[in-house]
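Welcome, and thanks for taking a look at this one with us. Here is a short briefing to read alongside the structure.

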Amino acid sequence: MNETVATESGQEVRGLNKVIAIISAIFTPYIGILAGAGILMALNTLLQKMTLISAESLISVILTAVSSGVFTLLPVFIGITTAKVFKSNVYIGVALATALLFPLTAADMPDVIHLFGLSLGVKGYGGAVIPTILAVWVAGYIERFFKKIVPDVAEIVVVPALTLLVAGFVTFLVIGPLGMALGSGISWVYGQAYGFSPLVAGLLLGALFPFTFVFGIHWSILPVAMINIQSLGYDTILPIMMMAVFGQFGAAAGMIRHVPKEDRALTVSTLIPAFFGITEPAIYGVNLKHGKPFIIGAVASALGGGLISFLGVKIFQFTPILSALYYPLFIGPDSSMRLGILSSVVTFVIAFVGTFIFGKIKQKTN
């Protein structure tokens, strides 16, 4: 990624700071709508848990549509902002994002395609963040190449068609499988570590999960948890993932002390969805933006993950959203809701205190 990325002060950034600046530029524009949708999703869940509405009621259906739609179609937002960051064609970016989502909406689309003895799960890429970003980034280079060789008279039609053709094959055959393979690799390492020591497994996955949130890789790990519940009746991955949620939640909460006054309202607005398990606004809008709180949150989630694994907490029903509303799912044989709550509180406190004390933001100099 050789494109120039500048900070708000106009200074060019490089290395890891450049990667963080790119990610921040991609996600910051729609942090507000993610936070708002997260609040509505949490409200819907809360009303159902209190049996004030049913999942089939008009209120719930509308709340589900206006809140879940944003997260389900998040790659479209990503396609737009990624194209802008890399100065590519926005509409090609959206077209690639929708191409990744389309297999999820087409019932007649095969779940898996076979090529040279390899199985490619084309329906597994739509919810992932990193394939969309990489696809749009690669498409920018492909588009610029074809613009150089295609005559001007045919450019308006031929260049988008060729760009989508090449970028589509690269995305589905290379970028998507690599992202899924990375997620599967993390799951395999976790399984080996858990067999050796639950404490080690919890520390390891707890440290990794915040980074999987950033790139959307955690979506490829969630099916492992679902399979565990179907085959074993319980799962130990999701409790660790919940600690990663509380680690980032606590880190963002501790940053209220340090963020500039003009950013405090935004910071506070990310905490409500974070409490209810929607961490994207807190991660992209606060923690990654400032760097240090994200790392502190990752340390806290590692310690919390180690603790909840060591205490033997399990979850007995699958849920892709992990928040305080789902503590009852920890109740079962050889597991305890109270120990799950204890682990969450410990994780949150470590992250909160860490950023409250060490999260001071360096003043930018011109």
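A residue is called buried here when its relative accessible area is under 20%, exposed when that area is over 50%, and partly exposed in between. Please keep in mind that this is a predicted model.

**The protein as a whole**
- Of its 366 residues, 48% count as buried.
- If you take the contacts between residues at least 6 apart in sequence, 69% of them join residues at least 24 apart.

**Helix H14: its span and its start**
- Where H14 starts, Ser336 brings a side-chain oxygen to within 3.2 Å of the backbone nitrogen of Arg338.

**Helix H14: its buried residues**
- Seen by accessibility, the buried residues of H14 are Gly340, Ser343, Ser344, Thr347, Ala351, Gly354 and Thr355.
- These residues cover an arc of only 110° around the axis, so they sit on the same side of H14.
- Their packing partners are two helices, H10 (237–254) and H13 (292–310).

**Aromatic rings**
- A pair of aromatic rings is described by how far apart the centres are and by the angle of the planes.
- Counted over the protein, there are eleven aromatic pairs.
- One of them joins Phe352 and Phe356, a stacked pair with 5.7 Å centre to centre and 25° between the planes.
- The angle of 25° makes this pair stacked, because planes under 30 degrees apart count as stacked.
- Both Phe352 and Phe356 belong to helix H14, where they are four residues apart, about one turn of the helix.
- Phe352 has 29% relative accessibility and therefore counts as partly exposed.
- Phe356, at 35% relative accessibility, also counts as partly exposed.
- Ring pairs also build a cluster that links Phe246, Phe249, Phe275, Phe276, Phe348, Phe352 and Phe356.

**Charges over rings**
- Arg144 places its charged end over the ring of Tyr141, 5.1 Å from the ring centre.
- Lys314 has its charged end over the ring of Tyr234, at 5.3 Å from the centre of that ring.

Terms used. Residues are numbered from 1 along each chain as its sequence is written. This is a predicted model: local features need pLDDT of at least 70, side-chain atom pairs count only at pLDDT 80 or more; totals for chains, interfaces and linings use all residues. Side-chain values use heavy atoms; hydrogens and water are left out. Buried means under 20% relative accessible area, exposed over 50%, partly exposed in between (1.4 Å probe, protein chains only). The arc is that of the directions from the helix axis to the C-beta atoms. Contact means heavy atoms within 4.5 Å. A polar contact is a pair of N or O atoms within 3.5 Å; within protein, one must be able to donate a hydrogen and the other to accept it, and residues adjacent in sequence count only if both atoms are side-chain atoms. Rings of Phe, Tyr and Trp (its six-membered ring) pair if their centres lie within 6.5 Å; planes under 30 degrees apart count as stacked, over 60 as edge-to-face and the rest as tilted. A charge sits over a ring if NZ of Lys or CZ of Arg is within 6 Å of the ring centre and within 35 degrees of the ring normal.
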